[in-house]
Amino acid sequence: MTGLAPPDLGDVLAARRRIAPYLRPTPLYRYPALDALAGTRLWVKHENHQPVGAFKVRGGVNLLSQLSADERQRGVITASTGNHGQSVAYAANLFGVHAIVCVPEQANPVKVESMSALGAEIVFHGQDFDDAREYCEKQSAEHGYRYVHSGNEPMLIAGVGTYALEILQTQPDIDVIVVPVGGGSGAAGACTVAKAVRPSIEVIGVQSEAAPAAYRSWKGRALVTDVTSTFAEGLATRTAFDLPQRILWRLLDDFVLVSDDALRAATRTMIEKMRNLVEPSGAAALAAVLADRERFAGRSVAIVCSGGNISPAQLTQLWPDGQR
């Protein structure tokens with residue numbers, strides 16, 4: 001257990017002030033074609049419109065803006081399947097900090113190219129995120145880098161929670177917020193904001209059934225490790241994280257699993273109906289809504305499109321020959 005104190009609404013408001021000079025609020029749009037499919041009023045929070053194409057950049061800017069002079073000099077190291085790494089690389093570039101990002105050997109090339117272009121040093125290690133994370137932690141201990149964990153960081157959670165502030169500021173009558181879950185920082189941030197602003201707002205987390213560690217940890221109120229075979233790398237964590245889980249145990253209303261087939265279908269649907277690029281993890285919230293339309297009928301629902309960093313190979317695989 002980390003023993004870290006979870007952020008509160010005041011921390012999220014402070015994060016909003018810190019990131020405002022660097023990141024603009026992202027749109028919250030409705031699409032009639034999606035409303036028709038879902039059978040309800042569906043608002044899409046477009047975190048795929050961030051400079052690095054994903055929500056996590058909010059947390060990276062908030063955290064790196066608060067580093068001490070000593071931490072900046074030592075440099076930072078982190079592990080990521082891509083979006084968290086882009087967040088750290090983007091913020092490190094802003095604040096003149098050397099960043100090392102450890103990624104799995106088969107990491108999404110779109111995300112790797114982005115991190116490299118932002119000036120981060122990329123280290124490939126292992127088959128999945130947790131292999132890269134374990135190697136990263138050893139490197140941090142050996143060389144004295146400031147380790148930026150992708151979940152157990154209150155300032156990351158406070159930073160990403162700012163998207164929930166924007167949702168409720170733009171559309172105050174939202175009844176439900178549906179959030180993809182990998183490590184859980186996005187859902188933890190959404191819960192922190194929603195329950196402080198209006199406790200009746202329902203917050204639902206969504207994970208792939210092919211990578212259910214966070215889901216099983218939430219259900220059992222204990223951290224577990226599980227397999228990860230999902231193609232949606234943004235959801236692919238084998239080990240649940242303590243700080244996000246403690247927040248989710250206390251504040252998350254429900255947690256659901258969707259199949260990888262449902263993720264593929266939802267990704268295709270969002271690309272076709274919204275004319276936006278969406279990565280599979282970013283379509284998880286829509287997949288959950290379409291899987292249980294009756295639950296959401298007649299309600300005002302915000303779904304978080306957490307990222308749009310889909311590779312050309314992933315795009316090709318979404319449409320079998322003859323359906324393009």
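Predicted model: local features only at pLDDT ≥ 70, side-chain atom pairs only at ≥ 80, totals over all residues.

Next I checked Cys102. Which cysteine has the closest sulfur to that of Cys102? It turned out to be Cys136, at 4.4 Å. A disulfide needs the two sulfurs within 2.5 Å, so I had to write "too far for a bond" for Cys102 and Cys136 as well. Cys102 has 1% relative accessibility and therefore counts as buried. Then I ran the search over the whole structure, and it came back with 0 disulfides.

**The sheet.** I traced an open sheet of 6 strands and jotted down the order β1-β2-β10-β7-β8-β9. The pairing is mixed. Which strands are at the edges? They are β1 (28-30) and β9 (254-258), and each of them pairs on one side only. Ignoring direction, neighbouring strands in this sheet are turned by 25° against each other on average.

I then zoomed in on β7 (residues 176-180) and β8 (residues 202-208). These two run parallel, and 5 bridges join them. One pair I wrote down: Val176 has Glu202 in β8 as its bridge partner.

**The cores.** The largest nonpolar core has 37 residues. I wanted to know which members touch the most others, and the list reads Tyr163, Ile167, Ile177, Val179 and Val203. Several elements each supply at least two residues to this core, including α1 (9-19), α9 (162-170), β7 and β10 (300-305). The largest share comes from α10, with 6 residues.

I went back to Val203 to see who its neighbours are. Leaving out residues up to four places away in sequence, Val203 touches Ile177, Val179, Ala190, Cys191, Ala194, Lys195, Leu252, Asp253 and Asp254.

Last stop: helix α3, residues 57-64. How many of the residues in α3 are buried? I got 8 of 8, so "mostly covered" went into the notebook. The buried ones include Arg58 and Asn62, along with Val57, Val61, Leu63 and Leu64. Gly59 and Gly60 are on the buried list too.

Technical notes
Residues numbered from 1 in each chain as written. Heavy atoms only, no water. Buried < 20%, exposed > 50% of the residue type's maximum accessible area, 1.4 Å probe, protein only. Helix = DSSP H or I, 4+ residues; strand = E, 2+ residues; numbered from the N terminus. Pairing = 2+ DSSP bridges. Axes fitted to C-alpha atoms, helices over the stretch in contact; angles between N-to-C directions. Core = buried A, V, L, I, M, F, W, Y, C linked by side-chain atoms within 4.5 Å. Contact = heavy atoms within 4.5 Å.
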